[in-house]
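This briefing is intended for reading alongside the sequence and the model.

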Amino acid sequence: MYKDIYKTIKSYNNIVIARHVGVDPDAMASSMALRDSIKLTFPDKNVYAIGNGTVKLTFMGPLDKGIDFDQINDILLIVVDTPDKRRVDMEDLTHYEKSIKIDHHPFVEKFCDIEVIDDEKSSASEMIYDLICSTPLKMNKRICEAIFAGVVGDTNRFLFNNSKPETFSVIADMIRDYGINITKVYYNLYKRPLSEVKFFGYMADNIETTDNGVGYIIVKNDTLTSYNVDSATAGNLINEFNNIGELLVWLSATEDVKNGFIRVSARSRGPIINKVLEKHGGGGHALASGAKVKTFEDVEKLIKDLDNLCKEYSESSDE
Ligand code: AMP
């Protein structure tokens, strides 16, 4: 399959790489690494990595902005790290000739001509590493450092079970063959302003719990304003609550007044939560999912469903 993808890439001069809305390190890294590798291999091709950015991830490189895609023909679209069309961050692009998907989420729908999906992989970034290494696409240290950041992001620094033997082999290869500076990447990924640390204190102080082990933190807009943080911050911090003994599932629900929804980021230590999040209009991985809901009543309903899931899980599990 990677050979077919390479042949297709080789045959197109205009290539647009898109990924999911609400960009995270893996989505950003997989699109940047793929763009930079194609550019390195084929300097004359026009390759654009599109989507909304975030200041925190600018260290991975610049996004390609302000391009009038209507003036460009014969576009190959490559979507990375995104299982369904509605979550592709690409309002600029309405026409393309051929499309490819490279993703590690559980399958949701087919929307590209060629699709490579492996939900056993740690990250889309690891898949981009596999693509580059199994084809004549070129690699360099900068591309490897982006891939490392993506893998670190989606494995939460190799704490999750999606860190497989192959994942560690990929990291070992990149350190040995390209001398990647992991300390620098970790600093870029995890450096944060003092306001965020103080906000983390607020979150820790305001976790509520249900009877069956759901921890939830509701964050209203006035709290964001008083701590001077944006609406993505609580979701970005949710992995900091990973090892709380009393909790099986934990989530943040943050008001996003600009976009008119409440952003939910949920994590689990056992119960499979993505089906519940799907029921509420979201989705994601078995143990790491999200959703955008309309009202705080919707959040309450979601918490109730997750509480029931935890109850069932505890009753049927001896762990
Ligand atoms: P997050 O909590 O934002 O880090 O997201 C965790 C996982 O859930 C990622 O795989 C996301 O792609 C997925 N996800 C987050 N929000 C949504 C949503 N609104 N709809 C579908 N999947 C989502």
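The points below are grouped by topic.

The structure is a predicted model. The domain assignment of the protein gives two segments, domain 1 (2-190) and domain 2 (194-316). The shell around the ligand draws at least three residues from each of these domains.

**Domain organisation**

- The centres of domain 1 and domain 2, taken over C-alpha atoms, are separated by 27 Å.
- Contact between the domains involves 10 residues of domain 1 and 10 residues of domain 2.

**Residues around the ligand**

- There are 14 residues around the ligand, and those that come nearest are Arg87, His105, Ser265, Arg267 and Gly283.
- Classified by residue type, the shell comprises 8 polar, 4 charged and 2 nonpolar residues.

**Polar contacts and burial of the ligand**

- The side chain of Ser265 places an N or O atom 2.8 Å from an oxygen atom of the ligand.
- At Gly283, a backbone N or O atom lies 3.3 Å from a nitrogen atom of the ligand.
- At Gly290, a backbone N or O atom is found 3.2 Å from an oxygen atom of the ligand.
- The ligand taken alone exposes 480 Å², of which the protein buries 82%.

**Secondary structure in the shell**

- Two or more residues of the shell are given by each of the elements β9 (261-268), β10 (283-284) and β11 (288-293).
- Strand β11 contributes 5 residues, the largest share of the shell around the ligand.

**Packing of helices α3 and α4**

- Two packed helices are described by the distance between their axes and the angle between those axes.
- For helix α3 (residues 124-133) and helix α4 (residues 141-155), the axes come within 8 Å and cross at roughly 145°.
- On the α3 side, Ser125, Glu126, Tyr129 and Ile132 meet Ile143, Ile147, Gly150 and Val151 of α4.
- By class, this contact of α3 with α4 has 5 nonpolar, 2 polar and 1 charged residues.

Note on methods: Residues are numbered from 1 along each chain as its sequence is written. This is a predicted model: local features need pLDDT of at least 70, side-chain atom pairs count only at pLDDT 80 or more; totals for chains, interfaces and linings use all residues. Side-chain values use heavy atoms; hydrogens and water are left out. Axes are lines fitted to C-alpha atoms, for helices over the stretch in contact, and angles run from 0 to 180 degrees between N-to-C directions. Helices (H or I, at least four residues) and strands (E, at least two) are DSSP runs, numbered from the N terminus. Contact means heavy atoms within 4.5 Å. Ala, Val, Leu, Ile, Met, Phe, Trp, Tyr, Cys and Pro count as nonpolar, Asp, Glu, Lys and Arg as charged, and the others, Gly among them, as polar. A residue is near a molecule or strand if one of its heavy atoms lies within 4 Å of it. A polar contact is a pair of N or O atoms within 3.5 Å; within protein, one must be able to donate a hydrogen and the other to accept it, and residues adjacent in sequence count only if both atoms are side-chain atoms. Accessible areas come from the Shrake-Rupley method with a 1.4 Å probe; for residues, only the protein chains shown count as cover. Domain bounds come from an automatic or database domain assignment.
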